[in-house]
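Have a look at the sequence and structure below.

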Amino acid sequence: MDTFNLLVIFKQLFLLILLSLAHADKHLCPVGSAVHKQSCYFIKKTSTSSWSAARSVCQSLGADLVVIKSQEENQLVYNMAKNGGSGITWIGIERNTSDKKFYWTDGSPATRSNDYYTNWHHANPGNTENCGEMFMSGDNTAVQKWNDRPCSTQTSFVLCQISNSKG
């Protein structure tokens, strides 16, 4: 085989490798996941005893509890949770014991603000409950809103989020 043919074959192999890498991200999501921007969202049907137990389930799968940054993402999370089960739907919000403010599991603030997306129910967050959930039922002013509740509340499923990017 001459040098020209080897170069053509090498170039074709190189292009195939690049194409496979460009499409590899979609394969990082677990089967049955919903994809939104750079994240995959999936439900793990398992009972948990608390917010931290739910978070541990997600982390054992290479994920974390959901971090919601937009109305569109909030709607996606609500729809998945509504279809996945009923009851408590933990989201990745927890009160910091030092400054008493709420933060997402990625470290970004989750307190009421005009500087970033929040969707707290009008009466929340309160002063005594330390973990975040999404209301799944109630009147139209409550559904899809965030609520703080005792971290020791049990759940029947966990909604996890995993980054779908390599960087």
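What follows is a set of questions and answers about the labels used for this model.

Q: What kind of model is this, and how are residues numbered?
A: This is a predicted model, where local features need pLDDT of at least 70 and side-chain atom pairs count only at pLDDT 80 or more, while totals for chains, interfaces and linings use all residues. Residues are numbered from 1 along each chain as its sequence is written, and side-chain values use heavy atoms, leaving out hydrogens and water.

Q: What makes W146 count as buried?
A: Buried means under 20% relative accessible area, exposed over 50%, and partly exposed in between (1.4 Å probe, protein chains only). W146 has a relative accessible area of 0%, so W146 is buried. In the protein, buried residues make up 39% of the 167 residues.

Q: Why is the pair of W104 and W146 called edge-to-face?
A: Rings of Phe, Tyr and Trp (its six-membered ring) pair if their centres lie within 6.5 Å; planes under 30 degrees apart count as stacked, over 60 as edge-to-face and the rest as tilted. By this rule there are four aromatic pairs. For W104 and W146, the ring centres are 5.2 Å apart and the planes are at 90 degrees, so the pair is edge-to-face. W104 lies in strand 5 and W146 in strand 7, so this pair ties together parts 42 residues apart in sequence. Strands here are DSSP runs of E with at least two residues, helices are runs of H or I with at least four, and both are numbered from the N terminus.

Q: Why is the pair of Y117 and W146 edge-to-face?
A: Their ring centres are 5.8 Å apart and their planes at 80 degrees, so this pair is edge-to-face. Y117 sits in the loop between strand 5 and strand 6, 29 residues from W146. Both residues belong to one aromatic cluster, together with F102, W104 and W120.

Q: How do you know that strand 3 and strand 8 pair?
A: Two strands pair if DSSP finds at least two bridges between them. Strand 3 and strand 8 have two bridges, in the antiparallel sense, and L65 stands opposite C160 in strand 8. They belong to an open sheet of four strands in the order 1-2-8-3.

Q: Why do the buried residues of helix 2 line one face?
A: In helix 2 (residues 51-60), the buried residues are W51, A54, V57 and C58. Seen down the axis, they fall within an arc of 120 degrees, so they line one face of the helix. The arc is that of the directions from the helix axis to the C-beta atoms.
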